[in-house]
Amino acid sequence: TFGIESITSGDVMIPAVSLMVSAVTLLMFLKVERSAGEPLLNTGMFRLKGFSPVFITLLLMNAAYMGILYLTPFYCQLCMGIGVMETGLMMVVSAVVASGFSIPFGRISNRVGRRVFGIGSGFMFILSMLLLLVFAEGMTLPILFASMVLKGLGWAMFGGPMGANLVEHAG
């Protein structure tokens, strides 16, 4: 995160060094894990047929979700001019919605299958982002609230069912 944030500073060395340190640290971690008797991460899971696609999907969806969640407070305060308290309340909306719907969606996905929830979550995220895009100039609190509810529903549809899918494919 530091490397990515520092890109806007104009100094190319800070993000370059940060990204190189991250890559070297990752390689060192993988080397230690492969030689460990009881590794923290069984890297052999990535060779299983269904594991890597599910993992990459989870990684990309999480990156998109966290990316927009990271930018939302800046947008609220700098572009919309709302205060810290209102921004915090808007940020809580998606977490509350996700918390309320994750378990029911997980239970339903056990019966009807996980794929429909993965696809549905993608549509929820797209609708949420479309609200932010279409109403960027004239954003109001109700539209922002609706976007946060859709984000929460998207995460509730994705987190539990796709996490269970990942565990099932881990062997």
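**Stop 1: the main core**

Select Leu58, Leu69, Phe105, Met148, Phe158 and Leu166: of the 21 residues in the largest nonpolar core, these touch the most other members. A nonpolar core here is a set of buried Ala, Val, Leu, Ile, Met, Phe, Trp, Tyr and Cys residues joined through side-chain atoms within 4.5 Å. Buried means under 20% relative accessible area, exposed means over 50%, and partly exposed lies in between (1.4 Å probe, protein chains only).

Now color α3 (51-79), α4 (84-112), α5 (115-134) and α6 (141-169), each of which supplies at least two residues of this core. The biggest contribution comes from α6, with 7 residues. Helices (H or I, at least four residues) and strands (E, at least two) are DSSP runs, numbered from the N terminus.

Before moving on, a word on what you are viewing. This is a predicted model, in which local features need pLDDT of at least 70 and side-chain atom pairs count only at pLDDT 80 or more, while totals for chains, interfaces and linings use all residues. Residues are numbered from 1 along each chain as its sequence is written, and side-chain values use heavy atoms, with hydrogens and water left out.

**Stop 2**

Center on Met148. Which residues does Met148 touch, not counting residues up to four places away in sequence? They are Leu69, Thr72, Met90, Met91, Val93 and Ser94, where contact means heavy atoms within 4.5 Å. Next, pick Ile82, Met139, Ile143 and Leu144, which are among the 8 residues of a second, separate core.

**Stop 3: α4 against α6**

Show α4 and α6 together. Their axes come within 7 Å and cross at roughly 35 degrees; axes are lines fitted to C-alpha atoms, for helices over the stretch in contact, and angles run from 0 to 180 degrees between N-to-C directions.

Ala, Val, Leu, Ile, Met, Phe, Trp, Tyr, Cys and Pro count as nonpolar, Asp, Glu, Lys and Arg as charged, and the others, Gly among them, as polar.

**Stop 4: α3 against α4**

Switch to α3 and α4, which pack at an angle of about 155 degrees with their axes 9 Å apart. That angle makes α3 roughly antiparallel to α4, a label for angles over 145 degrees. Display Tyr65, Leu69, Thr72, Pro73, Cys76 and Gln77 in α3, which meet Val84, Thr87, Met91 and Ser94 in α4. This contact has 6 nonpolar, 4 polar and no charged residues.

**Stop 5**

Select Phe29 in helix α2, partly exposed at 33% relative accessibility. Leaving out residues up to four places away in sequence, Phe29 touches Leu40 and Leu41. Then find Thr43 in the loop between α2 (13-35) and α3. Is Thr43 buried or exposed? Thr43 is buried, with a relative accessible area of 16%.

**Last stop: zoom out**

The protein has 6 helices and 0 strands. Its C-alpha atoms fill a box of roughly 55 × 50 × 25 Å along the principal axes, and buried residues make up 32% of the 171 residues.

Key: Angles under 35 degrees count as roughly parallel, over 145 as roughly antiparallel, 65 to 115 as roughly perpendicular and the rest as oblique.
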